[in-house]
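Look at the structure first, then read on.

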Amino acid sequence: MLSREDNDILTQTDAGTPLGDLMRRFWIPALLSEEVAEPDGAPRRFRLLGEDLIAFRNTDGVVGVMEEACPHRRASLALGVNAENGVRCLYHGWKFDVNGECVDTPAEPPGFSMVGKVRAKAYPAREAAGVIWAYMGPAAEEPIFPDFEMLGFPKGHVAAFKMLEECNYAQAVEGTIDSAHAGVLHRESPWGQPAKYEHEKDLSPKLEVEYTKYGLRYGAVRNLKDEGLLHARVTEVILPFFTLIPPDGAGVRKHRRMANAFVPRDNTSCWHIQWFFDETQPVDIEFRIKEGGHYIDENYRKLRNLSNWYQQDREMMKSTNMSGIEGILVQDHAVSETQGPILDRTKEHLGGSDVAVVAWRRQMIRAARDFSTKGVVPTVLGNDIPWSQIRASTVRFSNESNWKTEVPLLAEVALTAKG
Amino acid sequence: MESLVALSDVRADVLHDVFDCRPETLLALADRVDQSVEDIQLVYREAEMDELWRAVSINVMELQHTRAAPEKLAFWLEIKDEVMRIHDIVGIDLDNTLAALALRQLASRVSAT
């Protein structure tokens with residue numbers, strides 16, 4: 001449960017809002033490399049944090065990200081000509097390079113050239129593991145790039161996906177830090193029939209949270225009564241919107257690792273960017289598409305979506321799975337999107353299994369408030385986070401141990417008591 | 001692993017279940033809030049306040065459904081507002097002392113009915 005004021009802080013990400021300004025201090029996954037695959041290819045329009053932008057790959061293969069509207073008369077630069085290391089506006093021919101510098105204004109009279117004077121609002125961009133990242137904050141405050149483990153994986157062992165999620169980013173994040181739903185929403189057998197996987201058997205895992213410099217991690221601990229063991233899934237939650245999901249530790253998803261970013265497109269939709277990665281074998285992309293239900297149109301909108309009620313199949317609910325919806329990802333999106341464009345957290349009824357959600361919200365709201373009122377930058381933006389070592393885990397262990405012992409926290413990211 | 005704990009258990013590092021809004025539940029929660037000074041302890045207390053709010057809300061829903069006791073309903077609606085206020089003292093203000101005091105006063109009010 002949140003007050004109306006706190007809910008607004010958590011969900012509003014336009015420039016000028018506490019969280020919107022804070023999010024602009026992070027490197028943000030913006031779009032897939034495949035969207036601007038070709039040098040001198042068509043510019044791509046997209047929206048990020050409520051801003052309408054374009055991306056384009058110039059003649060040299062460098063990607064530029066900038067405001068969609070031409071600074072001259074505000075026509076869309078996405079209509080323009082992308083050639084000779086710049087994008088030229090279709091209206092009067094003003095041309096801009098990847099840094100936003102105006103390099104030609106052919107329609108201006110002699111002596112009135114805008115070259116070197118006017119600039120398009122451009123953002124630094126980088127590519128890593130199939131994704132173009134953008135930094136939308138002040139130049140002087142650009143943080144070090146977060147070199148997550150999967151970004152260094154060899155080609156084939158990491159694959160990036162993207163899908164539009166038609167709701168506020170925060171409820172999408174919350175869906176992935178809520179282990180208790182796995183045995184219900186994703187149950188691969190009809191309700192009332194025996195569960196197929198370990199995490200489906202104990203429907204009320206005990207959740208424990210630990211704050212870290214990068215956000216938090218939590219263990220969802222289940223009791224494997226038949227074996228006299230405990231089973232824990234340890235999920236990593238990295239501010240502001242990243243989650244690292246543990247592999248199953250057994251079965252078809254034994255080694256599957258996954259990272260999520262829920263990037264606000266605007267306040268009522270977000271880009272769900274996912275990386276699958278596996279150190280033991282190349283990622284089976286076809287399998288991941290089928291498993292996730294990752295069937296999309298040219299704008300990355302799900303084919304199974306709210307407008308067709310996710311093609312929910314009532315017969316399937318009796319014979320195959322709990323949800324009657326094909327695809328784990330679509331199942332997740334279905335519950336998040338039907339919470340409404342922006343979840344009204346004043347009306348919830350939370351329980352103990354929601355403690356990781358409570359902890360993440362509180363961190364986010366506090367970080368936004370502290371940044372807005374005191375200028376305090378959260379520790380996740382420091383230079384000392386060992387990004388490549390942050391890893392989600394699944395462990396089985398005896399009753400004498402606990403998940404924090406089995407998966408020790410890196411000393412560099414531990415907080416002192418009042419962190 | 002922690003399972004259900006006794007009402008007298010005041011360990012702050014553990015998430016406790018809050019199933020009802022009886023005075024003894026409120027007093028036990030107040031004791032734990034008193035013990036909670038670290039951020040993570042206060043998050044656990046906030047989650048417990050969420051569970052308390054749920055328990056009170058269930059009371060309210062039941063009274064709204066039966067429409068049999070308007071005075072009782074008005075009383076529990078006030079309690080619900082107060083629980084939300086204390087929830088934010090824990091979650092936003094991080095003032096465990098004030099929150100514990102408010103919970104004890106709430107226990108007295110509930111006990112008097």
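In this predicted model, nine residue pairs are in polar contact between chain B and chain A, both residues of each pair having pLDDT 80 or more. On the side of chain B that touches chain A, the elements giving two or more residues are α2 (39–66) and α3 (70–93) of chain B. The largest share of that side, twelve residues, is from α2(B). Sorted by class, the side of chain B that touches chain A contains twelve nonpolar, four polar and nine charged residues.

Some charged residues pair up across the boundary. Three salt bridges are found across the interface of chain B and chain A. In one salt bridge, the side chains of A:Arg362 and B:Glu46 come together at 2.7 Å, N to O.

How big is an interface? The size is often expressed as the accessible area lost when the parts come together. For chain B and chain A, the buried area is about 2400 Å², and carbon and sulfur atoms give 61% of it. The table lists the residues taking part from each chain.

| Chain | Residues in the contact |
|---|---|
| Chain B | 25 residues |
| Chain A | 27 residues |

The next topic is the interior. In soluble globular proteins, nonpolar side chains tend to be buried together. Here the largest nonpolar core has 87 residues, and A:Trp133, A:Tyr169, A:Phe241, A:Trp275 and A:Trp360 have the most contacts inside it. Helix α9 (residues 355–374) of chain A supplies the largest share of this core, eleven residues. Another core, of 29 residues, lies apart from it and includes B:Ala30, B:Leu52, B:Val60 and B:Leu73.

What does A:Tyr169 touch, leaving aside its neighbours within four places in sequence? Among its contacts are A:Leu10, A:Leu19, A:Met23, A:Phe241, A:Phe262, A:Trp360 and A:Met364. The contacts of A:Tyr169 also include A:Thr11, A:Thr13 and A:Cys270, as well as A:Pro240 and A:Pro264.

The last topic is a residue in a loop. A:Ala15 is found between α1 (4–11) and α2 (18–23) of chain A. Is A:Ala15 buried or exposed? A:Ala15 counts as exposed because its relative accessibility is 52%, and the cut-off for exposed is over 50%. Not counting residues up to four places away in sequence, A:Ala15 touches A:Asp21 and A:Arg24. The C-alpha atom of A:Ala15 is separated by 36 Å from that of A:Lys155, a residue 140 residues apart from A:Ala15 along the chain.

Methods:
Residues are numbered from 1 along each chain as its sequence is written. Chains are lettered from A and ligands numbered from 1 in the order in which they are written. This is a predicted model: local features need pLDDT of at least 70, side-chain atom pairs count only at pLDDT 80 or more; totals for chains, interfaces and linings use all residues. Side-chain values use heavy atoms; hydrogens and water are left out. Helices (H or I, at least four residues) and strands (E, at least two) are DSSP runs, numbered from the N terminus. Buried means under 20% relative accessible area, exposed over 50%, partly exposed in between (1.4 Å probe, protein chains only). Contact means heavy atoms within 4.5 Å. Buried area is the accessible area (1.4 Å probe) that two parts lose on being put together, summed over both. A salt bridge is a side-chain nitrogen of Lys or Arg within 4 Å of a carboxyl oxygen of Asp or Glu. A polar contact is a pair of N or O atoms within 3.5 Å; within protein, one must be able to donate a hydrogen and the other to accept it, and residues adjacent in sequence count only if both atoms are side-chain atoms. Ala, Val, Leu, Ile, Met, Phe, Trp, Tyr, Cys and Pro count as nonpolar, Asp, Glu, Lys and Arg as charged, and the others, Gly among them, as polar. A nonpolar core is a set of buried Ala, Val, Leu, Ile, Met, Phe, Trp, Tyr and Cys residues joined through side-chain atoms within 4.5 Å.
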